[in-house]
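Morning, everyone. I'll walk through one model today and keep it brisk. Please have the structure open as I go.

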Amino acid sequence: MAATESATRLRTEWLRFINAPVTRKLVNNRLVSAGFRARRPIRKPILLQRHRHARLLWSQRHRDLTVGHRHNAIFSEEARLLLYRQDARFKVRRQVGQALLEDCILPRVQGDVGGITVYGAFHSRLKSHHYMLEGHVSQDQYLYVLDTVLLPFARIDFGNNCVIQDDNTKAHRALRVK
């Protein structure tokens, strides 16, 4: 069974193999009881040939690294915190007539919800202080965080001999940042 098969399509397939009435609801109930719930698929970027090539070059450049090199790696991360959930794809399970129950309503706020981004970094022996940014991280904000938080933190133990690992967001890959 493919993950994208609908209960209606599975019903049609099953009717070909068994000689008994099968409803779409019965198929759906069996799927749910077996732990299969209808969910939106996880989205991920498509790897193009240039992405594969860039990964190959990276692995070739770093193939001689040893376990000891990991001690000079600094990992950085940002976490976006929102006051209200702004995901229109959020689903609730409810029965008929329960649409206006408090548990079945998702509050919505128009415009910018005033979230913050918390930034931090760590390596094998130490972690940085958290730094809060307003809104999403832009390349200007990331450059400021590099100069005031990450590079001073890195120089405490490593001087200029370290590798900074980030998560390849657009702000991290901007030409001004490199």
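One term before anything else: contact means heavy atoms within 4.5 Å. Take A154 with that in mind. Leaving aside neighbours within four places in sequence, A154 is in contact with I74, G159 and C162. Where does A154 sit? Its place is in helix α4. Is A154 buried or exposed? It counts as buried, at 1% relative accessibility. There is also a distance to note. A154 and I164 are ten residues apart in sequence, and their C-alpha atoms are 8.6 Å apart in space.

Keep in mind that this is a predicted model. Everything I quote is computed from it.

Now the overall layout. The protein chain has five helices and four strands. Read from the N terminus, the elements go α-α-α-β-β-β-α-β-α. The protein chain has 178 residues, and 19% of them count as buried. What about contact range? Take contacts between residues at least 6 apart in sequence: 61% of those join residues at least 24 apart.

Next, the sheet. In what order do the four strands lie? The order is β3-β2-β1-β4, in an open sheet with mixed pairing. The edges belong to β3 and β4, and β4 covers 163-165. Each edge strand has a single partner, so one side of each is left without a neighbour in the sheet. Neighbouring strands are turned by 25° against each other on average, direction ignored.

What packs on this sheet? Helix α4 does, and it touches β1, β2, β3 and β4. The direction of α4 makes about 20° with that of β2.

Let's go through the pairings. β1 and β2 run antiparallel, joined by seven bridges. As a landmark, E78 stands opposite Y119 in β2. β2 and β3 also run antiparallel, and four bridges join them. The landmark there is T117, whose bridge partner in β3 is L133. β2 itself is mostly covered, with five of its seven residues buried.

A general point for anyone looking at side chains: in a regular strand they alternate between the two faces of the sheet.

S76 is buried, at a relative accessible area of 6%. What does S76 touch, not counting residues up to four places away in sequence? The list is Y119, G120, A121, Y142, Q165 and D166.

On to the aromatics. How many aromatic pairs does the structure hold? Two. One of them is F75 with F122, and that pair is stacked. The centres are 5.5 Å apart, with 25° between the planes. F75 lies in strand β1, residues 73-81, and F122 lies in strand β2, residues 116-122. The pair therefore ties together parts that are 47 residues apart in sequence. How open are these two rings to solvent probes? F75 is partly exposed, with a relative accessible area of 35%. F122 counts as partly exposed too, at 45% relative accessibility.

Then there is Y131 with Y144. Their ring centres are 6.1 Å apart and their planes are at 45°. Why is that pair tilted? Stacked needs planes under 30 degrees apart, and edge-to-face needs over 60. The angle here is 45°, so the pair counts as tilted. Y131 lies in strand β3, residues 131-134, while Y144 lies in helix α4, residues 139-158. So this pair ties together parts that are 13 residues apart in sequence. Y131 counts as partly exposed at 24% relative accessibility. Y144 counts as partly exposed at 45%.

Last topic: a helix pair. Two packed helices are described by the angle between their axes and the distance between the axes. Here the helices are α1, residues 7-17, and α2, residues 24-33. They pack at an angle of about 105°, with their axes 8 Å apart. That makes α1 roughly perpendicular to α2. Who makes the contact? From α1, it is A7, T8, L10, R11 and W14. From α2, it is R24, V27, N28 and L31. The residues of this contact divide into five nonpolar, two polar and two charged.

That's the tour. Over to you.

Note on methods. Residues are numbered from 1 along each chain as its sequence is written. This is a predicted model: local features need pLDDT of at least 70, side-chain atom pairs count only at pLDDT 80 or more; totals for chains, interfaces and linings use all residues. Side-chain values use heavy atoms; hydrogens and water are left out. Rings of Phe, Tyr and Trp (its six-membered ring) pair if their centres lie within 6.5 Å; planes under 30 degrees apart count as stacked, over 60 as edge-to-face and the rest as tilted. Helices (H or I, at least four residues) and strands (E, at least two) are DSSP runs, numbered from the N terminus. Buried means under 20% relative accessible area, exposed over 50%, partly exposed in between (1.4 Å probe, protein chains only). Axes are lines fitted to C-alpha atoms, for helices over the stretch in contact, and angles run from 0 to 180 degrees between N-to-C directions. Angles under 35 degrees count as roughly parallel, over 145 as roughly antiparallel, 65 to 115 as roughly perpendicular and the rest as oblique. Ala, Val, Leu, Ile, Met, Phe, Trp, Tyr, Cys and Pro count as nonpolar, Asp, Glu, Lys and Arg as charged, and the others, Gly among them, as polar. Two strands pair if DSSP finds at least two bridges between them.
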